Amino acid sequence: MTFRQFLSRLADLAVILLRDGAAYAVLIVRAVRGGVSVGSIARYVSCIALLMAAVLGLVDSVQRTLVNDKYLKRYFSYFDIPNGMYKGSLTVEKRDDNEYNVEFKDVSFRYPNAQAWALRHVNLKFRVGEKLAVVGMNGSGKTTFIKLLCRLYDPTEGVILLNGVDIRKYDYDEYMSLFSVVFQDVKLFAVSLGQNVAADTDFDRERVNACLARAGFERRESTLPKGLDTPLYKDYDKDGVEISGGEAQKIALARALYKDAPFIILDEPTAALDPVSEYEVYSHFNSIAGDKTAVYVSHRLASCRFCDKIAVFDAGRIVQTGRHEELLAAGGGKYCGLWNAQAQYFHAGKAPVTPCLYYAG
Ligand SMILES: Nc1ncnc2c1ncn2[C@@H]1O[C@H](COP(=O)(O)OP(=O)(O)OP(=O)(O)O)[C@@H](O)[C@H]1O
Ligand SMILES: [Mg+2]
């Protein structure tokens, strides 16, 4: 205890002594004068104790309110930001067979206050249960495409349809509940591991463990001191554990699996993973996605071979679609260029790789 804290404690004690002393002094004076019976004195003493406890509680609450006021202001000002998005009221049909079809119809998009188009004339349909890979150079519009699909933004032009209906017409929260997404810039909360996976304080521990295992976090979890109850980061708990970017990505993947929505969307889910973990995600991708409709954004073209359809983005446009083999067999084109760039990278030092024939041959 510092000297300053000692003085403050002493002042508190003096106030308590003065306050209680005054109350008891009044009582004693009245008792001596014979105005109060012995029974009443006992009653008054307990009343004074109760009153003081209540006053202390009130003072404590006022103090806390004053301290938390600035944090609450920030919290409420965030929630007061108006959401300008159109919110429809149509119920999203709950389908046991996951029969959901999505279509982008001539969709173009410009970010607010930006001059350039991030997406231009995008047309794409994907089938129920299909595994769609989205590839392309940095800045080609892959993440923007995902953001529009999840209604984080609405198209500037064109329309996105779910089962033939404009997605803006659906109830916003219900529509959101269709998607399990792992975004490129994964963010976790400084709460327990279990709460991070479930995004809830109340969760099914067995299911959380199963999802963490499927996401490849099982071994690391076994090293955590309190298992699922281990706090992440040290913001609120000095016993919290720091986790790496790759570990955060696995936890985010487990969170997406726990949500168990009909669509699973992974925006570069392996970018921060080590080669073994990356291989595990690729090789288990079909079991991870199960019968869900999956959209998979990746720079690792080898992983796209497992997908039913690949959409190749370039400067905000879809320039090619098809299966891996079809796109390579087409000879030339953006996909071939990207594939060869990666193939040559792995064959550095060996004979130059003939464009596209490398794979086909
Ligand atoms: N919030 C934003 N405001 C303005 N422009 C943005 C914003 N986010 C992205 N852009 C621009 O939109 C274009 C597409 O970006 P996007 O993030 O979709 O690319 P990407 O294909 O996902 O790239 P990467 O492979 O690097 O993840 C880029 O030119 C980018 O600069
Ligand atoms: Mg991106």
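User: Is Gln184 buried, partly exposed or exposed?

Analyst: Gln184 counts as partly exposed, at 41% relative accessibility. Buried means under 20% relative accessible area, exposed over 50%, and partly exposed in between, with a 1.4 Å probe and protein chains only. This is a predicted model, where local features need pLDDT of at least 70 and side-chain atom pairs count only at pLDDT 80 or more, while totals for chains, interfaces and linings use all residues. Residues are numbered from 1 along each chain as its sequence is written, chains are lettered from A and ligands numbered from 1 in the order in which they are written, and side-chain values use heavy atoms, with hydrogens and water left out.

User: Switching to ligand 1. What surrounds it?

Analyst: The residues around ligand 1 include Tyr111, Met137, Lys142, Thr143, Gln184 and His299. A residue is near a molecule if one of its heavy atoms lies within 4 Å of it. By class, the shell has three nonpolar, eight polar and one charged residues. Here Ala, Val, Leu, Ile, Met, Phe, Trp, Tyr, Cys and Pro count as nonpolar, Asp, Glu, Lys and Arg as charged, and the others, Gly among them, as polar.

User: Which side chains put a polar atom by an oxygen of ligand 1?

Analyst: A polar side-chain atom of Thr144 lies 2.5 Å from an oxygen atom of ligand 1, and one of Gln184 lies 2.7 Å from an oxygen atom of ligand 1. The protein covers 62% of the 640 Å² of accessible area that ligand 1 has on its own, by the Shrake-Rupley method with a 1.4 Å probe.

User: Now the sheet. What is the strand order?

Analyst: The order is β2-β1-β4-β5, an open sheet of four strands with antiparallel pairing. Two strands pair if DSSP finds at least two bridges between them. β2 (119-126) and β5 (165-166) are the edge strands, each pairing on one side only.

User: How many bridges join β4 to β5?

Analyst: Two bridges join them, and Leu161 has Asp166 in β5 as its bridge partner. β4 and β5 form a hairpin with two residues between them, and Asn163 in the turn has a positive phi of about 50°.

User: What about Ser108, buried or exposed?

Analyst: Ser108 is buried, with a relative accessible area of 0%. Ser108 belongs to strand β1 (residues 102-109) and stands opposite Glu157 in β4. The side chains of Ser108 and Arg120 are joined by a polar contact of 3.0 Å. A polar contact is a pair of N or O atoms within 3.5 Å; within protein, one must be able to donate a hydrogen and the other to accept it, and residues adjacent in sequence count only if both atoms are side-chain atoms.
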